[in-house]
Amino acid sequence: MTADTAGATAASENTTATGSATPGGDGSGLYLVDGSGFIFRAFHALPMLTRPDGTPVNAVLGFSNMLLKLLADAKAEAVAVVFDSKRLNFRNEFYPDYKAHRPEPPEELKPQFALIREATEAFCLPCLELEGFEADDLIATYARLAQEAGRPVTIVSSDKDLMQLVRPGVGMFDPMKNKAIGPDEVFEKFGVPPEKVVDVQALAGDSVDNVPGVPGIGVKTAAQLITEYGDLEALLANADKIKQPARRQKLIEFAEQARISRRLVLLDENVPPPKPLDELRVREPDHQRLIDFLRAQGFRSIVSRVEMEMQKDGRIADGAGGGSIPSPGSLPTPAAKSPAPAESPAAEDRPARKTVLHVPEVRYELVQDADTLRRWVERARETGVLAVDTETDSLTPATATLVGVSLSTEPGIACYIPLAHKAEGAAAAGQLDFDAPTPPVQIPTDEAMAILKDVLEDRSVLKVGHNFKFDHQLFARNGIAVSPVDDSMLISYVLEGGSHGHGMDELAELHLAYTPIPFKEVCGTGKNQITFDRVPLDKALAYAAEDADITLRLWTLLKPRLVDDRMVTVYETLDRPLVPVVADMERAGVRIDKTALSDLSRSLSERLVEIEKDVHALAGQSFNIGSPKQLGEILFDTLKLGTGKKGKTGAYSTDSSVLEELAEQGHSIAQRVLDWRQLAKLKSTYTDALQEKISPVTGRVHTAFALAATNTGRLSSTDPNLQNIPVRTEEGKKIRRAFVASPGHKLLSVDYSQIELRLVAEMANIQALKDAFRDGLDIHAATAAQVFGIPLEQMTPDIRRKAKAINFGIIYGISGFGLGRQLGIAPGEANAFIKTYLERFHELKVWMEATKAFARQHGYVVTLFGRRCYMPGIQEKNAARRAFAERQAINAPIQGTAADIMKRAMNRMPGALAAAGSSARMLLQVHDELLFEVPEAEAEDAARIVREVMEGGAHLGVPLVAEAGIGDNWEEAH
DNA sequence: TACGTCACG
DNA sequence: GACGTACGTGACGTAA
């Protein structure tokens, strides 16, 4: 949404042929609002709202907001609103099915048609409609007339059918996406320039409008054909030359249908205009009439806005810096709903939901001066609770710039403090941007931080956040150690982990029956995405203050449930203290030897090229090895190496187990493909991608640990995932060597030995296994001795391997099939192993049955420390799916308890290190391993402390053992 | 966006 | 007798 992508503006300014147009200059520009289209889209996009008398008005509100902003932004431009007149029009004369089967408009929409016409009149804008023609035809006609008169035109609509009208002097603006549509955007949508859009539509058809098109041809194919042949007629004339037989036949058979379709979509530029073009000039609105109308709808905040603006110069002025005033380019999106809860009682738009968020009033305030901020801080001290949310220009908190802070002291009362917002006009939608950018008034960040520091560090004021780890880091970087902290996301995770996600939007839907303003509606998506510092203040206020508001509401609702559900201890001892600990780890980041990675990348590239040559030679043809589809066809259809197994999508499976089997049969191509796969994976996922993740600010890589993502209580790591750095293969180890210590430092890696199997022994109370662990035996060998009845002295590696596989299998909720596959033996044979295992360790069987029964009864399982893991599938009727849930039920308490123990250790770690005077920094957690960076001289001491803390993570009947390694890089330390 | 694949625990 | 299988993650490339 930057000025340079505003195609419509560019188009308007390129009207040199007609000469006179200068947008915003002489006031001759014309905005044609597609009223009919807007009604439907606004109705479906906005939450349902009703007037005090019960009349639904959500589309009317959206429409009024849109007009208001359009008038503010468009300055002296002329604005006309165009409507469809009747449902039947001239198109039905030659194609009766056109727009047939279209359902009646919803009941809640019907009364709004008339209101929207009233709104238009209240705004003193001309209403254009003409019997027998659609709004689109009128728009096309006025666009032509204006263009001929040298007046630049902007069509305000989201309707793709109008895109055919884009040309020099005629642009479009999508009021729902707040986005200018020019030739580039049209090309993006249809794959052809605007003048060929109708040809593409004629082929592709449109199921919504009942435009038939040619069966089997979509937009992509149509664009390709039109580009190749020039236009529809040329294509139809040459249809017999199409290569693809099916396509050729369809084009010949449905040629006439395509011609009819073209007539249906082609807009009529020559309808009789109901009003002369010259009458479409802006008139001074009748303020009182407008205010009366808006007030009658219950649009209180719009009314006050209008009243305020009218006082200025009798017109709706540009409000850059003014906060609640619309600004250039900030055309309405459904963000219009932000003040909406205040304007009218929220009615429920989805019948399925019974609960409704009753918001008698929300007050969101924009804070632009220090005194106002101090008042918020005072208020927080009175209430003792403060919801806090930060807005930044990036999702990497270790390096992001703080753009603003929102606060909420009680439900419905929130503020937003912009700190680093850029001038609104600078990069907002350029289409309607005529003023020089003026930066908004903001409290200097340092001053705001100084004021906030007092309350954020005040031990008597609880700070509530949603995913507060993020905010914690930002404040830490500004010298503020926020404490104490509560996190509504983590509370939800502790209460209901495994049953649903814990993002704020999802929880707001679930618990408050409310849909927060989506981020993408504020910042857009894809290449048009803007950073939050470019968001106009009114939108930023609506979005950010709402986040703080919702956070506080969720906290109010969920926090007491910790007591009710007896989950206080889990939350207080495991997850809540983790917030500052993990925030510090993320902020620390890990050093990467970029040169080593780029050398590896280069070497991998060369080897990949070599292997690719080999594979193509062995295949006898060139193909994309990275495409499982092509590879499968080469292996099993062309080369006929065996029959091949097909998956549920009908594609051959080519995973490593399949390729390994082929390789064993002596097919060298399979081994080469396996080599290629391994190297390609390492290159794309690690050596290439990791280099990109090195922060230019810190020179290090900062992962994000998700604290509420897994079903078992584990953390996960994203962007980049540093919990799956290669370690098993020699090639992989080279990547791990690129994780290095800072100069003068060492990396220290400490990992739990066999923690999950120890926990199986503990929780199932397996005496023989516990004894083996207490005696410090090689646990897999000891297992083998027990299960296969072989003395330890006679143990062979192969028997030990089998026992090891069974031990792992137990943790996964063993099955004969899975174990058999792992060991490459028949499922029957594997079942025999399992049977023996369960006889030797009979306590295990009892525990597994009890655990499954508990899961069935309660719908969740619990870890040793009381964490619940919900398993929605446990009541499944489908046997396979239920079996899956049962295996999860076995695995979750084991994996989850290990995760709990690791969290206990992590929470104690900073204190233990500090108490010992160690300056070791915790960098990463990989489930059973912690990685530290420590000054060389302190490494041995740190290793001892860390081992002690980890081994003391729980005091059980089996010992916990942690093993340490020290090195210059991660591979060496591991 | 869904799928197949594969990196880790 | 048939079904569909080891548990937990995240990222990549391809194909649609």
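In the predicted model, the buried residues of helix H7 are covered by elements that include strand S6 (179-181), helix H8 (197-204) and helix H9 (219-229). Helix H7 spans residues 183-190, and its buried positions are Glu-185, Val-186 and Phe-190. Viewed down the axis of H7, these residues fall within an arc of 115°, so they line one face of the helix. Asp-184 and Glu-188 lie on the other side of H7 and are exposed. Just after the helix, Gly-191 adopts a positive phi of about 75°.

An α-helix has 3.6 residues a turn, so residues three or four places apart point the same way. Gly-824 follows H35 and has a positive phi, near 70°.

Asp-34 belongs to strand S1, which comprises residues 30-34. This aspartate is buried but forms no salt bridge. The nearest side chain of opposite charge is that of Arg-41, at 5.4 Å, whereas a salt bridge requires a side-chain nitrogen of Lys or Arg within 4 Å of a carboxyl oxygen. The side chain of Asp-34 does reach a backbone group, the nitrogen of Gly-37, at 3.1 Å. When neighbours within four places in sequence are left aside, the contacts of Asp-34 are with Val-82, Ala-135, Asp-136, Ile-139, Val-156, Ser-157, Asp-159 and Leu-162.

For the chain as a whole, the secondary structure of chain A comprises 40 helices and 23 strands. Chain A has 974 residues, of which 55% count as buried. Among contacts in chain A with a separation of 6 or more, 69% involve residues 24 or more positions apart.

Technical notes
Residues are numbered from 1 along each chain as its sequence is written. Chains are lettered from A and ligands numbered from 1 in the order in which they are written. This is a predicted model: local features need pLDDT of at least 70, side-chain atom pairs count only at pLDDT 80 or more; totals for chains, interfaces and linings use all residues. Side-chain values use heavy atoms; hydrogens and water are left out. Helices (H or I, at least four residues) and strands (E, at least two) are DSSP runs, numbered from the N terminus. Buried means under 20% relative accessible area, exposed over 50%, partly exposed in between (1.4 Å probe, protein chains only). Lys and Arg count as positive and Asp and Glu as negative; His and the chain ends are not counted. A polar contact is a pair of N or O atoms within 3.5 Å; within protein, one must be able to donate a hydrogen and the other to accept it, and residues adjacent in sequence count only if both atoms are side-chain atoms. Contact means heavy atoms within 4.5 Å. The arc is that of the directions from the helix axis to the C-beta atoms.
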